[in-house]
Amino acid sequence: MPLILSRLTDRYSQLDKRERSALALLACFFACLFFYFAIWSPADQFLRASEAELERQLSLVQYMRASEKEARASSKGAKQAPTGQSLLTVVSRAAQQAGIKPNRLQPEGSGAVSIWFDTVAFDALMRMLNKLQANRSIVVQQISLDREEQPGMVRARIVLRS
């Protein structure tokens, strides 16, 4: 490496004064380009992306604060399964209303029920689960879906909890 460097300095010293000035100016130009593209531009892009992410997060916080009262009110007023009506009965009735027939319903301890469907329309199943969650506050604890050969049909095992 020192040999190459000494050759370059020898060639530089042999150059005319104007050529040395032009070469120094060109080296300065390339150093500025390197600084801009290797340091300044990536740092500026990171700063802009960070500012955009901050704005997005602040917007989300403002939205959440604005809708806090509404969310708290809706969580207090959520409909619960009527007393005296078991979770098994509620789920069975919801499946019947959705027009789907479970192959098996089984209680899972207190406050949970398992449902098996050999072949069921995916859309109808999701509508039933959404309705149970929205109207009765019954949530999906566990779900296992397998696609059937028929389009839109699935095999499902679901555990629901009130």
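Predicted model: local features only at pLDDT ≥ 70, side-chain atom pairs only at ≥ 80, totals over all residues.
Residues are numbered from 1 along each chain as its sequence is written, and side-chain values use heavy atoms, with hydrogens and water left out.

The protein chain has five helices and four strands, these being DSSP runs (H or I of at least four residues for helices, E of at least two for strands) numbered from the N terminus. Along the sequence they follow the pattern α-α-α-α-β-β-α-β-β.

| Property of the protein chain | Value |
|---|---|
| Radius of gyration, over C-alpha atoms | 34 Å |
| Span of the C-alpha trace along its principal axes | about 100 × 45 × 30 Å |

For a compact globule of 162 residues, the radius of gyration would be near 15 Å, by the rule of 2.2 Å times the number of residues to the power 0.38. Buried residues (under 20% relative accessible area, with a 1.4 Å probe and protein chains only) make up 17% of the 162 residues. Of the contacts (heavy atoms within 4.5 Å) with a separation of 6 or more, 52% come from residues 24 or more positions apart.

E148 is placed in the loop between β3 (139-147) and β4 (153-161). Its side chain is joined to that of R155 by a polar contact of 2.8 Å, a term for a pair of N or O atoms within 3.5 Å, one able to donate a hydrogen and the other to accept it within protein, where residues adjacent in sequence count only if both atoms are side-chain atoms. Leaving aside residues up to four places away in sequence, E148 touches D118, T119, M153, V154 and R155.

Methods:
Buried < 20%, exposed > 50% of the residue type's maximum accessible area, 1.4 Å probe, protein only.
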